[in-house]
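Subject: Structure handover

Hi,

Here is the structure for you to look at. Please open it first, then read my notes below.

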Amino acid sequence: MSASYVRSKKHFLLMFLLIFSLGFGFAASGFHSQAARATGTVKNRILNVRSSASTNSSIVCKLTQGTTVTIISETTGDDGLKWYDVFFAYNGEAKEGFVRADLVNVSGSVSGGSSGGSSSSGGAAASGTRYVKPSVAIVRSYASTNGDIRTRLERGTTVSILSSKTGADDGRTWYKISFTQNGTSMEGYIRGDLLTETNPGGSSSGSTDVSGTRYVNGDVVRVRTWASTSADIRSRLTRGTTVSLISSKTGDDGKLWYKVSYSDGGYQLNGYIRSDLLSEQSSGSSGSGSGSDNTVSNTPATVRPAVANIRTWASTNADVRSKLSQGTGVTIIGETTGSDDGRKWYKISYTSGGASLTGYIRGDLLNIGSSSSGSSSGSSSGNSAAVAQVRSYASPYADIRATLENGTKVAIIKEVTGEDGQKWTKISFTQNGNELQGYVPSSLLK
């Protein structure tokens with residue numbers, strides 16, 4: 001926190017205390033400007049103040065019994081209960097957050113109540129439909145550029161406004177929105193200047209609905225989050241992989257791109273592929289890559305080293321999809337030559353964290369024809385995950401922040417729905433003396 005920010009907060013706190021003691025209010029730039037607000041007194045021995053009206057949101061701080069807070073407005077939380085947006089003094093600073101209404105004794109009349117979740121930070125309740133203005137806009141978990149990235153929306157995407165509030169860091173107007181992505185209904189926060197009341201160029205920025213089936217015609221083709229080579233990589237698909245066309249559009253590079261639906265690692269995903277990387281006829285067996293040999297198809301095998309990296313394609317430069325421990329049982333479904341080293345690689349199917357996945361492993365790292373009964377230290381029967389990958393956000397395709405061994409103790413921060421529609425948990429943990437945070441599938445925790 002900058003020194004100027006701290007000074008402004010303390011200045012506001014002193015002004016607020018003076019105004020409150022004199023019994024009248026006046027407008028103060030950048031802060032809440034209503035006089036005679038209701039106040040609340042903490043009932044419980046300890047009360048968690050949250051960043052939003054949800055027990056799944058992060059804890060701003062903890063207040064002790066008898067602490068007085070000023071109530072800005074009321075809202076209905078994710079749990080259907082009434083919550084208050086409050087501000088208060090904490091360790092010499094003015095802070096703001098949300099508390100459940102039944103956990104404070106209220107004095108005075110609460111203004112700005114609404115059943116749909118009134119906006120906070122002095123904003124008015126908002127509703128209606130808006131459209132994403134830039135090529136890609138980031139949706140956050142709360143009204144701040146420091147909020148976790150929930151997803152990215154393309155230009156022209158339609159969203160419904162639920163409420164508005166002033167950003168905790170930038171003083172700008174943010175909207176809480178609902179929208180549908182990949183068939184899943186989601187909510188999040190987006191800065192007001194990234195939305196417009198009129199469609200900026202048609203749904204998905206001039207895209208045209210198309211249909212049909214295409215096949216990947218390159219050894220390894222990247223699927224992007226939007227129609228640009230600058231976009232994040234969502235997946236890497238191998239030669240012959242089948243995709244279904246959803247729409248077409250002109251990308252940032254002036255070339256034709258297809259929005260496609262495809263299956264990867266047991267997940268049904270959407271993304272963008274340049275049209276010249278797809279063919280109407282298959283140029284090779286799906287997922288096996290060039291030089292595949294299907295004589296090894298459906299052959300059982302076990303992992304040979306203590307820990308082996310499973311890659312997204314046949315190269316040591318490919319992303320690590322999973323780490324499997326010695327003795328873990330897998331099924332070989334294809335064989336190929338590595339794109340970098342010229343060595344034999346196997347495409348395998350396996351189970352990790354309760355999910356059925358596929359990936360690539362170098363041939364010398366497998367014992368062919370073995371069953372999982374020979375697993376040694378660190379492995380467990382039934383292909384249980386011996387390690388868990390901690391991701392930077394709630395997606396099986398996010399960057400790997402850390403790898404934790406089975407039995408590692410972690411602190412739970414919150415649970416969210418990931419890009420894959422599954423439950424993910426944000427955790428904090430200590431590794432190599434550093435305090436870290438990240439996301440893991442909720443199914444990996446007990």
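One term before we start: contact means heavy atoms within 4.5 Å. Now some ground rules. This is a predicted model, where local features need pLDDT of at least 70, side-chain atom pairs count only at pLDDT 80 or more, and totals for chains, interfaces and linings use all residues. Residues are numbered from 1 along each chain as its sequence is written, and side-chain values use heavy atoms, with hydrogens and water left out.

Start with I361. Leaving aside neighbours within four places in sequence, I361 is in contact with A308, N309, I310, W345, Y346, I348 and L366.

I361 also belongs to the largest nonpolar core. A nonpolar core is a set of buried Ala, Val, Leu, Ile, Met, Phe, Trp, Tyr and Cys residues joined through side-chain atoms within 4.5 Å. Buried means under 20% relative accessible area, exposed means over 50%, and partly exposed lies in between (1.4 Å probe, protein chains only). The largest core has 27 residues. V260, L278, I348, I361 and L366 have the most contacts inside it. A second, separate core has 15 residues, including A38, V49, V99 and L103. In soluble globular proteins, nonpolar side chains tend to be buried together.

Next, the whole chain. The chain has 446 residues, and 45% of them count as buried. It holds 1 helix and 34 strands. These are DSSP runs numbered from the N terminus (helices H or I, at least four residues; strands E, at least two). Among contacts with a separation of 6 or more, 55% come from residues 24 or more positions apart.

How do the strands pair? Two strands pair if DSSP finds at least two bridges between them. Strands β11 (residues 158–166) and β12 (residues 173–181) run antiparallel, joined by 6 bridges. There, S160 stands opposite S178 in β12. Strand β12 also runs antiparallel to β13 (residues 184–191), with 8 bridges. F179 stands opposite M186 in β13.

Now look at I427, in strand β33 (residues 423–431). Is I427 buried or exposed? I427 is buried, because its relative accessible area is 1%. Not counting residues up to four places away in sequence, I427 touches V390, L404, V410, A411, I413, L436, Q437, G438, V440 and L445. The C-alpha atoms of I427 and A411 are separated by 5.5 Å, though the two residues are 16 apart along the chain.

Best wishes
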